[in-house]
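User: Hi! Could you walk me through this structure?
Analyst: Happy to; here it is.

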Amino acid sequence: MECFPFPEDLVRAQQEWHNTYRALACSRPRRATELRRRLLALSVRIHCHPFWSTPPGRTPAARVDLRQRTRGGRRTESAA
């Protein structure tokens with residue numbers, strides 16, 4: 001698999017997105033509205049990041065790689 005040179009702020013935003021999503025996905029989350037707003041803001045920050053307009057960021061594989069790297073220790077069924 002190709003290794004992409006992600007900027008640190010993009011990696012942190014994606015990690016925060018995963019953490020926020022997990023917090024929102026639990027049953028009866030506290031501050032659900034705040035979490036939804038945070039998730040939306042992080043989604044926009046990630047989607048509009050300047051990295052995606054660089055040559056390495058133009059491939060769909062780069063977005064997949066970012067999500068897989070920042071997933072936070074979650075294993076896929078194929079890795080189990």
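Analyst: A definition to start: helices (H or I, at least four residues) and strands (E, at least two) are DSSP runs, numbered from the N terminus. With that, the elements of the protein chain run α-α-α from the N terminus on. This is a predicted model, where local features need pLDDT of at least 70, side-chain atom pairs count only at pLDDT 80 or more, and totals for chains, interfaces and linings use all residues. Residues are numbered from 1 along each chain as its sequence is written, and side-chain values use heavy atoms, with hydrogens and water left out.

User: How many helices and strands are there in the protein chain?
Analyst: The count is 3 helices and 0 strands.

User: What pLDDT does the protein chain average?
Analyst: The average is 88, and 88% of the residues score at least 70. pLDDT is the predictor's confidence in each residue, from 0 to 100.

User: Why does T20 count as buried?
Analyst: Because its relative accessibility is 8%. Leaving aside residues up to four places away in sequence, T20 touches L35, R38, L39 and L42.

User: At what angle do α1 and α2 pack?
Analyst: About 150°, with their axes 9 Å apart. Axes are lines fitted to C-alpha atoms, for helices over the stretch in contact, and angles run from 0 to 180 degrees between N-to-C directions. The angle therefore makes α1 roughly antiparallel to α2; the label applies over 145 degrees, with under 35 roughly parallel, 65 to 115 roughly perpendicular and the rest oblique. Residues making the contact include W17, T20 and L24 of α1 and L35, L39 and L42 of α2.

User: Last one: what share of the residues in the whole protein chain is buried?
Analyst: Buried residues make up 26% of the 80 residues.

Terms used. Contact means heavy atoms within 4.5 Å. Buried means under 20% relative accessible area, exposed over 50%, partly exposed in between (1.4 Å probe, protein chains only).
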